[in-house]
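Here are a few notes to read alongside the model. Have a look at the fold before you start on the points.

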Amino acid sequence: MPVADTRRPVAIVLGGMGMAGRLRAAGVPCEIFDAVELGTPPAGFRAEIAVGGYGAPEGVVPWLDGVRWVHLTGAGTDNVPDEVFVDRVVTHSAGVNAFPVAEFAFATMLAFEKHLPASWVTEPPVRWARARLGTLEGRRLGIVGLGHIGTTLAAMARPFEMEIRATTGSQADGERGGVALTDLRSLFAWADHIVLAARGGPATRHMIDATVLADAKPGMHLVNIGRGSLVDEDALRVALDDGRIALASLDTVEREPLPAGHWLFRHPSVRLSPHVAYASPATGGRGVERFERNLLRYVDGEPLGDVVTPQIDPRSTRLTVAD
């Protein structure tokens, strides 16, 4: 565990998205350097803290020489090199973006039921005051993963009088937080809307495969605001083409950024957004606050919060986070 230091510690920000500027503007008690700005580690450069997340540059390992603590600005670790976890403390920011991500998922469900944007007109329609729209009232919501995002989404759905069930990696029946639990295939057979909010990594890669999709309730709406790796996209394409999945609202895909000409851009039953569900006016500020809170513990020699406890997935040498 890091010990107290009498000087201002040096921190390297491993990623863009303006985090270095936010930390400097917030006046956090450390010296901030940006790996994107520097390009490569200068001769003799050593930081003891690294702050990382989406947009981290290629080859982050050379920046870790001397680093004792790594703070991840998000919750996921599936894109983090294994070397990050070796001989250093790693913390994360789980839950900081749960509300905007859950809002985004909920917005896609409302858009599906209310036929948006197709319900909007730019010229006189054939019929005025006539439409066949759906409703969320009484609809069945299935949530895959009951972490911060999943539990926030469940809370949003209750006032709409939706039926809610979920599946988790650690419990296949009973209930958690007032949400009934079931297995994945049963959830797909039951739900009108499925929201994927599970973690990435080897244990969950392509968990939504042809077998699971074959069990889906016909006409289901599938929403992914978790990780693109959760979905076998070839199997999804088949399920979309045959109409079993009526619509897939995807904020994340397996390959990011998605190359031009990819079928997901042009499929009529796909609504694709470029991994933006986390965004809100408070997003950056919450990330800074989470890091700063731990930084104060660090300089005072106190135990850090939100520590990631890695475990080896038996099917891979990759490190994943324990459920």
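1. A term first: rings of Phe, Tyr and Trp (its six-membered ring) pair if their centres lie within 6.5 Å, and planes under 30 degrees apart count as stacked, over 60 as edge-to-face and the rest as tilted. With that in hand, Phe-33, Phe-45 and Trp-63 form one aromatic cluster.

2. Some housekeeping: this is a predicted model, where local features need pLDDT of at least 70, side-chain atom pairs count only at pLDDT 80 or more, and totals for chains, interfaces and linings use all residues. Residues are numbered from 1 along each chain as its sequence is written, and side-chain values use heavy atoms, leaving out hydrogens and water.

3. On the overall fold, the protein chain has nine helices and 15 strands (DSSP runs numbered from the N terminus: helices are H or I, at least four residues, and strands are E, at least two). Its C-alpha trace spans about 70 × 50 × 40 Å along the principal axes.

4. Back to the rings: the structure holds five aromatic pairs. One of them is Phe-33 with Phe-45, edge-to-face at 5.4 Å centre to centre and 80° between the planes. Phe-33 sits in strand S2 (residues 31-34) and Phe-45 in the loop between helix H2 (35-38) and strand S3 (49-52), so this pair ties together parts 12 residues apart in sequence.
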